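Thanks for asking me to look this one over. Here are a few notes to read alongside the model.

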Amino acid sequence: MNGKFAQWNSATWWGGAEMRTVELCEELRRRGYEVRIVTCRLSRLWRTLNERGFLVDGDAPRQGANLLRAALIGLRLRRWGANLLLAHLGRDYVPALFAGKVANCPVILYRHRSLPLKPPTRWLVRRWAKLVLAVSRQVAETLLNKDLIPTEKVHILYLGVDSKKFKWNPSDSKSLYRFRATLDAENSHLVVSVGNLY
């Protein structure tokens, strides 16, 4: 199978979207696709993907402030022969959409937040995005009802966790039972949500 997929993530921090970007890059490469990353130079994502042998472009502009740089990235993606560009962060939508236009390749956007898009971004997403992948029904409803993104462009793609990565250690069970007792939840189901709060 052949294809050239570019991913855009300008984050300088490390969180769920960045881990997801790395996992997606590795899975695409495993399936035989060529992968190129557009990110910020010297970020943890840039270092991680460089160390793993990916083609990394460290010139990602943040937000729509530098459309000239986005156009130059688009030219590089066009010369490289990109078949698809995937943007992970809301602030990357405008430069990624602009680069995709220059590269003449479709752009897919991940939407993690249920806040409405800013008017200029909304206008571009409606016209230039191929798809918007919402991570939940609530996010999809915001895209459809507040941003008025066409129904055929919005799809829900739930983010899952590979449970094989987590192993139960029976020696931890005493601590778990003590913890449940402090919550008065010995006979209840517990759901744990882990996130990056900033």
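1. Leu176, Phe179, Leu183 and Leu190 together form a nonpolar patch of about 340 Å². Please keep in mind that this is a predicted model.

2. The largest nonpolar core has 32 residues, and the members that touch the most others are Trp8, Leu77, Leu85, Leu97, Leu109, Val125 and Leu143. At least two core residues come from each of β1 (4-8), α3 (67-80), β4 (84-87), α4 (93-103), β5 (107-111), α5 (119-128), β6 (131-134) and α6 (137-145). Helix α4 is the top contributor, with six residues.

3. A further core of 18 residues lies apart from the largest one, and its members include Phe5, Leu45, Phe54 and Val56.

4. Is Glu18 buried or exposed? Glu18, in helix α1 (residues 16-30), has a relative accessible area of 1%, so this residue is buried. Its side chain makes a polar contact of 3.2 Å with the side chain of Asn9.

5. What else surrounds Glu18? Setting aside neighbours within four places in sequence, Glu18 is in contact with Asn9, Ala11, Trp13, Leu45 and Leu89. One of these, Leu45, also belongs to the 18-residue core. Glu18 and His88 are 70 residues apart in sequence, with their C-alpha atoms 8.4 Å apart in space.

Conventions:
Residues numbered from 1 in each chain as written. Predicted model: local features only at pLDDT ≥ 70, side-chain atom pairs only at ≥ 80, totals over all residues. Heavy atoms only, no water. Patch = residues over 30% accessible without salt bridge, like charges linked within 9 Å, V, L, I, M, F, W, Y side chains within 5 Å. Areas by Shrake-Rupley, 256 points an atom, 1.4 Å probe, with all protein chains shown as cover. Salt bridge = Lys/Arg side-chain N within 4 Å of Asp/Glu carboxyl O. Helix = DSSP H or I, 4+ residues; strand = E, 2+ residues; numbered from the N terminus. Buried < 20%, exposed > 50% of the residue type's maximum accessible area, 1.4 Å probe, protein only. Contact = heavy atoms within 4.5 Å. Polar contact = N/O pair within 3.5 Å; in protein donor to acceptor, adjacent residues only side chain to side chain. Core = buried A, V, L, I, M, F, W, Y, C linked by side-chain atoms within 4.5 Å.
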